[in-house]
Amino acid sequence: MNSLFLFISLFTSIFSAENPELTIKISNIEKIRGEIKIGVFNKDKDFLKESGSIKNYSIKVDKNTAVITITDLPKGEYAITMYHDRNFMGIPKEAYGFSNNFKPKFGPPKYNDCKFILADDKTLNIKMIK
């Protein structure tokens, strides 16, 4: 009985789905103050809606680059939005960025423009757009 228990424990630990690490490296930060606000979306329908993000994060800005490592997202499909909030009212008047470094030309991006798959540890490099 003990060997069966050991086998089940070993099998479960090997194949259990731990959350992968998502590291986001942000560059091209113009002003060294405020915060970068990050929204994580997993549905086309809710993309870019204030209440549509499934997770939100913020990073204090103290240099021209910033890094955040997110460990609480399960494997899946996501899209990232971010903006540099320097206004005390929280109104995004500053630079912004999207996963896949998507640069909008004639309107806001679509979910499909920014989506990516998080299956294993992943690093996104996002350049802020002014």
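Tutor: Let us begin with strand β4, residues 66-70, which has a covered face formed by Ala66, Ile68 and Ile70 and an uncovered face formed by Val67 and Thr69. In a regular strand, side chains alternate between the two faces of the sheet. The model is a predicted one, in which local features need pLDDT of at least 70 and side-chain atom pairs count only at pLDDT 80 or more, while totals for chains, interfaces and linings use all residues. Residues are numbered from 1 along each chain as its sequence is written, and side-chain values use heavy atoms, with hydrogens and water left out.

Strand β4 pairs with β1 (residues 22-27) in the antiparallel sense over five bridges; two strands pair if DSSP finds at least two bridges between them. In this pairing, leucine 22 stands opposite isoleucine 70 of β4.

The chain as a whole has two helices and eight strands, where helices (H or I, at least four residues) and strands (E, at least two) are DSSP runs numbered from the N terminus. Along the sequence they follow the pattern α-β-β-β-β-β-β-α-β-β. Of the 130 residues in the chain, 33% are buried, a term that means under 20% relative accessible area, with exposed meaning over 50% and partly exposed in between (1.4 Å probe, protein chains only).

Next come the aromatic rings. Rings of Phe, Tyr and Trp (its six-membered ring) pair if their centres lie within 6.5 Å; planes under 30 degrees apart count as stacked, over 60 as edge-to-face and the rest as tilted. By this rule there are four aromatic pairs. Phenylalanine 47 and tyrosine 111 form an edge-to-face pair, with 5.8 Å centre to centre and 75° between the planes. This pair links distant parts of the chain, 64 residues apart: phenylalanine 47 is in the loop between β2 (35-41) and β3 (55-60), and tyrosine 111 is in helix α2 (residues 111-114). Phenylalanine 47 counts as buried because its relative accessibility is 8%, and tyrosine 111 is buried at 3%. Ring pairs link Phe41, Phe47 and Tyr111 into a cluster.

Finally, serine 99 is in the loop between β6 (96-98) and α2. Serine 99 counts as buried because its relative accessible area is 0%. A polar atom of the serine 99 side chain lies 2.9 Å from the backbone nitrogen of isoleucine 80, and this side chain also reaches the backbone oxygen of cysteine 114 at 2.5 Å.

How values were computed: A polar contact is a pair of N or O atoms within 3.5 Å; within protein, one must be able to donate a hydrogen and the other to accept it, and residues adjacent in sequence count only if both atoms are side-chain atoms.
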